[in-house]
Amino acid sequence: MEEIEVTWWRAARIWWSWAWRALLWTIPTAVLFGFAIGFTLAALGLSVEPFTPYIQTTGAGIGIFFGISAMKKIMGKQFNGFRIVVIKTADNENSQIEV
């Protein structure tokens with residue numbers, strides 16, 4: 001297995017592959033969630049303001065979930081002669097992820 005250089009072009013292609021998938025799933029889900037919550041609160045005659053932090057937290061959770069799902073989807077996908085893989089580099093079971 002040959003390791004190749006990470007170029008701006010390759011990074012941009014990987015980012016775009018992730019971004020459009022994440023947005024494709026997040027936006028419709030968030031719109032449907034927002035509509036359902038808004039409709040329900042309006043039908044019950046309740047104001048949205050007291051529920052705003054919960055609605056925003058749920059929206060962020062939706063975005064995070066679909067962002068991770070999109071990343072999982074592109075890992076292993078072919079990109080003109082290369083693909084993203086996860087390779088174990090240490091035998092230590094307690095190894096930390098470096099950020």
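Contact in this tour means heavy atoms within 4.5 Å. The model is predicted, so local features need pLDDT of at least 70 and side-chain atom pairs count only at pLDDT 80 or more, while totals for chains, interfaces and linings use all residues. Residues are numbered from 1 along each chain as its sequence is written, and side-chain values use heavy atoms, with hydrogens and water left out.

**Stop 1: arginine 21**

Select arginine 21, which lies in helix α1. Helices (H or I, at least four residues) and strands (E, at least two) are DSSP runs numbered from the N terminus. Leaving aside residues up to four places away in sequence, arginine 21 touches Ala70, Lys73, Ile74 and Lys77.

A salt bridge needs a side-chain nitrogen of Lys or Arg within 4 Å of a carboxyl oxygen of Asp or Glu. Buried means under 20% relative accessible area, exposed over 50%, and partly exposed in between (1.4 Å probe, protein chains only).

**Stop 2: serine 17**

Next, show the side chain of serine 17, which makes a polar contact of 2.7 Å with the side chain of arginine 21. A polar contact is a pair of N or O atoms within 3.5 Å; within protein, one must be able to donate a hydrogen and the other to accept it, and residues adjacent in sequence count only if both atoms are side-chain atoms. Serine 17 is also in helix α1. Because its relative accessible area is 5%, serine 17 is buried. Not counting residues up to four places away in sequence, serine 17 touches Ile74, Lys77 and Phe79.

**Stop 3: the nonpolar patch**

Now select Trp15, Trp16, Trp20 and Leu24, a nonpolar surface patch with about 490 Å² of accessible area together. Patches take residues with over 30% relative accessible area and no salt bridge, joining like charges within 9 Å and nonpolar side chains (Val, Leu, Ile, Met, Phe, Trp, Tyr) within 5 Å. Areas come from the Shrake-Rupley method with a 1.4 Å probe; for residues, only the protein chains shown count as cover. Leucine 24 belongs to helix α1 (residues 8–44) and counts as partly exposed because its relative accessibility is 49%.

**Stop 4: asparagine 80**

Move to asparagine 80, in the segment after α2 (52–74). Its relative accessibility is 68%, so asparagine 80 counts as exposed. Most residues other than glycine have a negative phi. Asparagine 80 is not a glycine, yet has a positive phi of about 45°.
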